[in-house]
Amino acid sequence: MNFQVMDTDTWMHKPSLSAMTNDTLKFHLSAKKIGDFYKLKSKTNNSKVDMTVDFKDRNSMNNTDYYPWPLEKENINLKDGLIFKSNVLKEDVIMNGSFLGNLEFTINKKDVDYSVVVYQLTPENKYFHLSYYIGRASFAKDRERRSLLKPNEFTKIPFNNSKLISKKLKKGSRIVVVLNVNKNNTAQLNYGTGKDVNIENIKDAKSPLKITFTGNSSISLPIWNSRK
């Protein structure tokens with residue numbers, strides 16, 4: 001593997017994809033909120049963060065900024081999903097590879113299409129789109145066999161196949177995570193009935209989707225630690 005590390009004008013050389021990474025930065029969701037941002041914490045906690053999505057409402061959309069264009073911008077839509085922000089990084093960090101995570105939540109439906117978008121908020125207060133993931137919860141554990149969720153029971157959904165990246169995250173940067181449910185005019189809508197999503201329609205959007213994420217939910221960024 002030969003790859004360029006963005007913002008360093010250098011190349012790294014590793015024998016495999018897995019060898020790109022030797023450490024992780026792990027963050028947990030929390031309910032502590034300052035302004036528009038919830039807090040990303042370094043440890044699990046007892047937080048619960050609620051989100052409601054009404055699929056009957058076609059005047060609003062969710063998950064509209066997951067696709068990385070432009071890569072860097074002055075602002076993001078702070079009303080689109082749940083927005084989490086970390087403390088500042090105390091030193092430069094090389095992010096190498098694909099981010100992964102585990103979401104723990106309860107939901108009042110049998111399925112949900114969700115997304116996770118990760119940004120670097122630079123010391124200059126610009127948002128750099130690092131990577132994103134979109135998944136269907138019922139296929140999280142087995143991509144060939146659908147396993148429906150049990151409404152109003154805790155479930156854990158792992159994901160690990162996000163877009164690969166290599167970039168230096170400067171000291172003073174923050175990590176911003178946008179957690180969302182897929183609902184926009186370019187997406188197939190998963191209404192969560194448990195039926196084949198291909199045959200669902202707006203008649204299945206009877207009650208709003210209600211999802212509650214816990215503080216056991218985590219996002220892990222793969223990094224290269226030169227001190228190891």
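Biologist: Which backbone oxygen lies 2.8 Å from a polar atom of the side chain of Ser 173?
Modeller: The backbone oxygen of Lys 170. This is a predicted model: local features need pLDDT of at least 70, side-chain atom pairs need pLDDT 80 or more, and totals for chains, interfaces and linings use all residues. Residues are numbered from 1 along each chain as its sequence is written, and side-chain values use heavy atoms, leaving out hydrogens and water.

Biologist: And which side chain makes a polar contact with the side chain of Ser 173?
Modeller: Gln 120, at 2.9 Å. A polar contact is a pair of N or O atoms within 3.5 Å; within protein, one must be able to donate a hydrogen and the other to accept it, and sequence neighbours count only if both atoms are side-chain atoms.

Biologist: Where do Ser 173 and Gln 120 sit?
Modeller: Ser 173 is in the loop between β13 (165–169) and β14 (174–181). Gln 120 is in strand β10, residues 113–121. Strands are DSSP runs of E, at least two residues; helices are H or I runs, at least four; both are numbered from the N terminus.

Biologist: Is Ser 173 buried or exposed?
Modeller: Buried, at 0% relative accessibility. Gln 120 is buried too, at 2%. Buried means under 20% relative accessible area, exposed over 50%, partly exposed in between, with a 1.4 Å probe and protein chains only.

Biologist: What does Ser 173 touch?
Modeller: Leaving aside residues up to four places away in sequence, its contacts include Asn 87, Val 88, Leu 89 and Gln 120. Contact means heavy atoms within 4.5 Å.

Biologist: New topic. How many helices and strands are in the chain?
Modeller: Zero helices, 16 strands. The radius of gyration is 18 Å, close to the 17 Å that the globule rule gives for 228 residues, so the chain is as compact as a globular protein of that length. That radius is over C-alpha atoms; the rule is 2.2 Å times the number of residues to the power 0.38.

Biologist: Which peptide bond is cis?
Modeller: Trp 69 to Pro 70, with omega near -10°. Pro 70 is in the loop between β5 (48–53) and β6 (72–73).

Biologist: What is phi of Asp 7?
Modeller: Near 70°, a positive value in a residue other than glycine. Asp 7 is partly exposed, at 47%. Phi of Asn 152 is near 65°, also positive, and Asn 152 is exposed, at 60%. Most residues other than glycine have a negative phi.
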